[in-house]
Amino acid sequence: MALPAGTGVVAYNAAISRCARAGLYARALALFREMRGRGLRADEYTLPPLLNSAALLRGPPGAVAALHALLLHAGLAPHLHVANALVDAYARLPRAGDAAARAVFDEMPRRDVVTWTSLLTGLARAGAHGAAVRAYHGMVAAGVQPDEFAVAAVLSSCAGSTMLDVGQSVHAAAVHLGLNPFRSVGNSLVSMYAKTGALRDAMHARCTITWTALIVGYAQNGRGRRSLEVYADMVRSGCRPDYVTFIGLLFACSHAGLVDDGRDHFRSMVADYGIAPGPDHYACLVDLLGRAGRLDEAMDMLNRSSTELDATVWKSLLGACRVHGNAELAERAAEMVWRLDPADAVPYVMLSNLYSRARRWGDVARIRALMKARGVTKEPGCSWVGVNGVTHLFHVEDRGHPRAAEIYRKVEEMTERIRAEGYVPDTDWALQDEAPEGRQRGLAYHSERLAVAFGLLAVPAAAPIRVFKNLRVCGDCHTAIKMVAKVYGREIVLRDANCFHHMEDGECSCGDYW
């Protein structure tokens, strides 16, 4: 069925994207032909779902090449996400696709983790295992940190080519990067060890990965004490914890406020299992001590550490300083982050927030000017919610959604109802130096609240509203959404950059300790 006459590019893009996500690849391509027949030109948002559809449809072998020619003619090749989609599409083709993917990859002036992973998974899928392993090493040499998809792919190539030594080194890297708990990585590890004849290692990998995944899973969902119970069961079963297990344990202790338990497990890791603590362990322990207000103890521990500390550790300390308003130590931590990772926007944002809460507007302006002068850009906050297989994305004060008017009315209704229950906006979380009314309005239209409002409108009453946010939820939104869950009698699950927040009856699984 054709779209109505007068339909624009944006609507066609949305329809093509929906069809591609739903597996209706032929329909997506038909919509594109219809769109072009009406004289509309494709843009950078049209091509990625079309390339994916053309590759997965297993139709005419020239379909991807035709789309490639079109995007070159339209000047869309410089868009990284378009080029990434092209690499992935070629890599999915059954015959000679890996060579075409490599050719596109080699011509790209800029590559990210998605680019490398698309090439790597395509090579592994095509059985070019040696090339996949070389791509993995190239990725690491380029300073691009592999994600769980890249690790799973290279492990499958290690299994396919029986390269046990390489597989063991990838396993070590996966542990260091905290990727062990991912099911795809765990399954690939077990397969790699089994197919290279190391059956004992395969069973051990399955044991440790399964227990560690449980420990981390409970911790991320606000059930830190349950994580410790699972760890006790793990030890009793005779399964030996590894590097990642202790990251999960310390994370659990941090998010449950279990200072003594955290210290004990940190000591046990070294004394009982001979595992040298890495930056990830120190970051968790700093977070644990910082949340408890023990900033001096955290700083003393870092001063005594012989481990080479990375930016994550200092960002943990900076976050604790922000909570407790310790500007002097926060500035020291920020300087350490800038020294290790000059392009990281986090210290600027955290310092700006700390100064804002202290009403030090001159310092807020200074930090923003410094950020601008150094060419550092902050990742824009966004939240999304899925309804009937369609993802709805929101930014702060976003009015681009087709149902924006309804959503804003729902936000106003939400605000009125939670105010009646005693909600008072915490304008310390607003960064703007403006009148209180303006600061309150800014908080009310944060992306996570717009997503929750849409969820109230679109998600059936019996189902939980599941919202995802790319950054941490702010303290005021956390309080407000808990109260929204209560007054509307809904379960709201908010996944921010740090953990899951299961909100119901005015309570959150994190215990307000995140």
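Me: Before we start, what should I know about the model and its numbering?
Reply: It's a predicted model, where local features need pLDDT of at least 70, side-chain atom pairs count only at pLDDT 80 or more, and totals for chains, interfaces and linings use all residues. Residues are numbered from 1 along each chain as its sequence is written, and side-chain values use heavy atoms, with hydrogens and water left out.

Me: Where do phenylalanine 105 and tryptophan 116 lie?
Reply: Phenylalanine 105 is in helix α6 (residues 97-107) and tryptophan 116 in helix α7 (residues 113-125), so the pair ties together parts eleven residues apart in sequence. Helices (H or I, at least four residues) and strands (E, at least two) are DSSP runs, numbered from the N terminus.

Me: Are phenylalanine 105 and tryptophan 116 buried or exposed?
Reply: Buried means under 20% relative accessible area, exposed over 50%, and partly exposed in between (1.4 Å probe, protein chains only). Phenylalanine 105 is buried at 1%, and tryptophan 116 is buried at 8%.

Me: Which kind of pair do phenylalanine 394 and phenylalanine 454 make?
Reply: Their centres are 5.9 Å apart and their planes at 50°, so this pair is tilted. It links distant parts of the chain, 60 residues apart: phenylalanine 394 in strand β2 (residues 390-395) and phenylalanine 454 in helix α24 (residues 447-458).

Me: Now strands! Which residues of β3 are on its covered face?
Reply: In a regular strand, side chains alternate between the two faces of the sheet. In β3 (residues 465-469), Ile465, Val467 and Lys469 make the covered face, while Arg466 and Phe468 make the uncovered one.

Me: What does β3 pair with?
Reply: Two strands pair if DSSP finds at least two bridges between them. Strand β1 (residues 382-387) joins β3 in the antiparallel sense over three bridges, with valine 385 opposite valine 467. Strand β4 (residues 492-495) pairs with β3 in the parallel sense over four bridges.

Terms used: Phe/Tyr/Trp six-rings, centres within 6.5 Å; stacked < 30°, edge-to-face > 60°.
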